[in-house]
Amino acid sequence: MANSPNKGLHVGLIMDGNGRWAQARGLPRTEGHGRGADAVRRAVEAAPELGITTLTLYAFSADNWRRPAGEVSVLMGLLESFLVRERENCRRRGVRLGLIGRRDRLSPALVRAIEAAEHATGEGTRLYLRLAVDYSGRSAILAAAAALRPDEHCDESGFLRRVNHACHSDLETPQVDLIIRTSGEQRLSDFLLFESAYAELMFIETLWPDFDGADLRRAVEAFRRRERRYGGVSSSNGNPAVELAIAG
Ligand code: IPE
Ligand code: IPE
Ligand code: MG
């Protein structure tokens, strides 16, 4: 079945390639992270017009703590200034900001910036923007499973709510429709593992700091041309009822 253009999409973006972008220009890796913040703004601006209602951006994985302390500190500083700077912009555009992931290993100043951004933008309904920070898909699943009572029955949508709750995403958030990873790498790196059961995956060569609204548009257009079968059969191939309807 073709994808309905009217249904709000949940898109996940693995923003990869900042370091390579900088290294290709003889710059320190952290310069790439700085430029990556501009690409975030472009993606957020473009998303609502493309029918995206939830956008989850992978900003810092739980495994990214393995990076050199200096790089981690630049990334955390950029996040904090992004939240402070973009808060009002998001509020005006109807963008609701939320952070998914652990908060107990972040600095108090960053947690304050997150809470202030969540509070200021809480009324936004045009786009739910989730920044994944200190995030691990496996940890979210483990935490959701650990919170179940031994005799508790939980269906998939109930468990999805638990997974979201486990990473501080308490707004009703659907399964992810499309995951885009920049920089040519083809893996999920622990991103939205439960939510991506039937996600379409798209790997593009563009390095994250070069990503813009046109890249996002192309990806969403390609997604809408794909057929999602969810384990069934093609609606135009091998389904007699549909073939009859087309023939008739
Ligand atoms: C993505 O870019 C940013 C984060 C993971 C925080 P990278 O820093 O991973 O860039 P490459 O993959 O080394 O080029
Ligand atoms: C994944 O990118 C995490 C983010 C984009 C925030 P990495 O660059 O950390 O992933 P690996 O190490 O290449 O799998
Ligand atoms: Mg990388």
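Guide: We begin with the polar contact, which is a pair of N or O atoms within 3.5 Å. In this predicted model, a polar side-chain atom of Asp16 lies 2.9 Å from an oxygen atom of ligand 1, and Arg29 brings a polar side-chain atom to 2.9 Å from an oxygen atom of that ligand, while for Arg20 the corresponding distance to a ligand 1 oxygen is 2.7 Å. Taken alone, ligand 1 exposes 380 Å², of which the protein buries 86%.

Visitor: Which elements give two or more residues to the shell around ligand 1?

Guide: Those elements are helix 1 (18-23) and helix 2 (29-46), and helix 1 provides the largest share, 3 residues. By class, the shell around ligand 1 divides into 3 nonpolar, 5 polar and 4 charged residues.

Visitor: Which side chains have an N or O atom close to an oxygen atom of ligand 2?

Guide: Among them is Asn64, with a side-chain N or O atom 2.9 Å from an oxygen atom of ligand 2, and the list also includes Asp16 at 3.3 Å and Arg181, whose polar side-chain atom lies 3.3 Å from a ligand 2 oxygen. On its own ligand 2 has 390 Å² of accessible area, and the protein covers 76% of that.

Visitor: How is the shell around ligand 2 made up by class?

Guide: That shell has 5 nonpolar, 2 polar and 4 charged residues, and its largest share, 3 residues, comes from strand 2 (residues 52-61).

Visitor: In which pocket does ligand 2 sit?

Guide: Ligand 2 sits in the largest pocket, and the space taken by ligand 1 is likewise the largest pocket.

Key: Residues numbered from 1 in each chain as written. Chains lettered and ligands numbered in written order. Predicted model: local features only at pLDDT ≥ 70, side-chain atom pairs only at ≥ 80, totals over all residues. Heavy atoms only, no water. Polar contact = N/O pair within 3.5 Å; in protein donor to acceptor, adjacent residues only side chain to side chain. Areas by Shrake-Rupley, 256 points an atom, 1.4 Å probe, with all protein chains shown as cover. 1 Å grid on protein atoms, 1.4 Å probe; cavity = no way out; pocket = protein on both sides within 12 Å on 5 of 7 lines; lining within 4 Å. Sits in = over half its atoms within 2 Å of the grid points. Helix = DSSP H or I, 4+ residues; strand = E, 2+ residues; numbered from the N terminus. Nonpolar A, V, L, I, M, F, W, Y, C, P; charged D, E, K, R; others polar.
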